[in-house]
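Thanks for coming. Please look at the sequence and the model on the screen, and I will walk through a few places in it.

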Amino acid sequence: MARRPFIAGNWKMNMTAESGTKLIKELIPLVKDADCDVALCVPAILIPAMTEVAKGSNIAIGAENMHWEPKGAYTGEISADMLKEYGVKYVIIGHSERRQYFGETDETVNKRTKAVLAAGMTPITCIGETLEEREGGVTEKVLDRQLEIGLAGIEDITKVVIAYEPVWAIGTGRTATDEQAQETIAYIRKKIGQLFCPKCAEKVIIQYGGSMNAANCKGLMAQPDIDGGLIGSASLKADFAKIVNYNKYFED
Ligand code: PEP
């Protein structure tokens with residue numbers, strides 16, 4: 001069965017209720033016939049307002065993080081029930097910025113990913129190597145570790161979306177080439193096949209993330225193992241519509 005492409009925006013710590021509302025209203029007519037499933041993962045405080053604006057459209061509103069405990073003394077964190085109350089479907093887990101600045105580890109990524117699944121939502125679990133690791137020739141070793149620990153104990157791997165985001169390509173304007181992204185994502189799929197089962201691996205949606213934009217999305221999306229994208233800066237403007245319409249806007 002063909003995998004349905006899935007492109008999600010990641011607003012990070014950007015936008016306000018006012019600017020977010022304006023952007024989503026602009027996007028709704030532009031993305032209604034998108035070539036893929038579409039989501040915008042937004043700051044937690046914007047979820048109620050953005051959910052309201054996106055209601056009835058094909059834009060799903062997602063979150064950027066979630067705690068693994070259902071409730072308790074975890075100041076600043078957000079729980080599954082809080083997200084589900086607003087119909088959140090997707091949650092980004094283990095973004096490299098969370099790993100780099102907020103002490104996220106493969107172990108906490110594993111706990112969060114499992115908690116999102118247990119709550120009936122879809123985790124977009126991020127993995128990827130740093131520039132130093134790529135240049136040091138240890139990309140596969142790093143990805144192996146992130147997958148082995150981050151996905152340990154998951155019962156149905158087909159319910160997880162993986163975002164392969166080379167850290168050196170995030171927010172730098174330096175995208176992986178189509179070939180680099182394809183080669184690494186094919187490796188990730190093979191590894192998932194070994195860790196779970198080859199048939200399951202064929203069903204797993206694997207996105208590419210890292211300076212993906214309207215100009216380079218078609219080449220990336222044409223790669224056989226790339227099933228979508230996680231889009232940072234290009235999701236903050238109406239150009240995001242061109243990315244999710246990657247086949248229409250760039251027809252030869
Ligand atoms: C991201 O934040 O996941 C990302 C890929 O950012 P950018 O598209 O800005 O590189």
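Tyrosine 208 touches Tyr164, Pro166, Ala169, Thr175, Ala176, Ala181, Ile185, Leu220, Ile226, Gly228, Gly229 and Leu230, leaving out residues up to four places away in sequence. Touching, or contact, means heavy atoms within 4.5 Å.

Before I go on, this is a predicted model: local features need pLDDT of at least 70, side-chain atom pairs count only at pLDDT 80 or more, and totals for chains, interfaces and linings use all residues. Residues are numbered from 1 along each chain as its sequence is written, and side-chain values use heavy atoms, with hydrogens and water left out.

Back to Tyr208. In the largest nonpolar core, which has 65 residues, Ile162 and Tyr208 touch the most other members. A nonpolar core here is a set of buried Ala, Val, Leu, Ile, Met, Phe, Trp, Tyr and Cys residues joined through side-chain atoms within 4.5 Å. Buried means under 20% relative accessible area, exposed means over 50%, and partly exposed is in between, with a 1.4 Å probe and protein chains only. Helix α8, residues 178-195, gives the most to this core, with five residues. Helices (H or I, at least four residues) and strands (E, at least two) are DSSP runs, numbered from the N terminus. There is also a second, separate core of 13 residues, including Ala60, Ile92, Val161 and Ile205. In soluble globular proteins, nonpolar side chains tend to be buried together.

Next, is glutamine 207 buried or exposed? Gln207 is buried, at a relative accessible area of 0%. This residue is in strand β7, residues 206-209. Its side chain reaches the backbone oxygen of Gly229 at 3.3 Å. That is a polar contact: a pair of N or O atoms within 3.5 Å; within protein, one must be able to donate a hydrogen and the other to accept it, and residues adjacent in sequence count only if both atoms are side-chain atoms.

Serine 233, by contrast, is exposed, with a relative accessible area of 53%. Ser233 sits in the loop between β8 (228-231) and α11 (240-244).

Last, the ligand. An oxygen atom of the ligand lies 2.7 Å from an N or O atom in the side chain of Lys12. For Ser211, a polar backbone atom is 2.7 Å from a ligand oxygen. Asn10 has a polar side-chain atom 3.3 Å from an oxygen atom of the ligand.

That is where I will stop.
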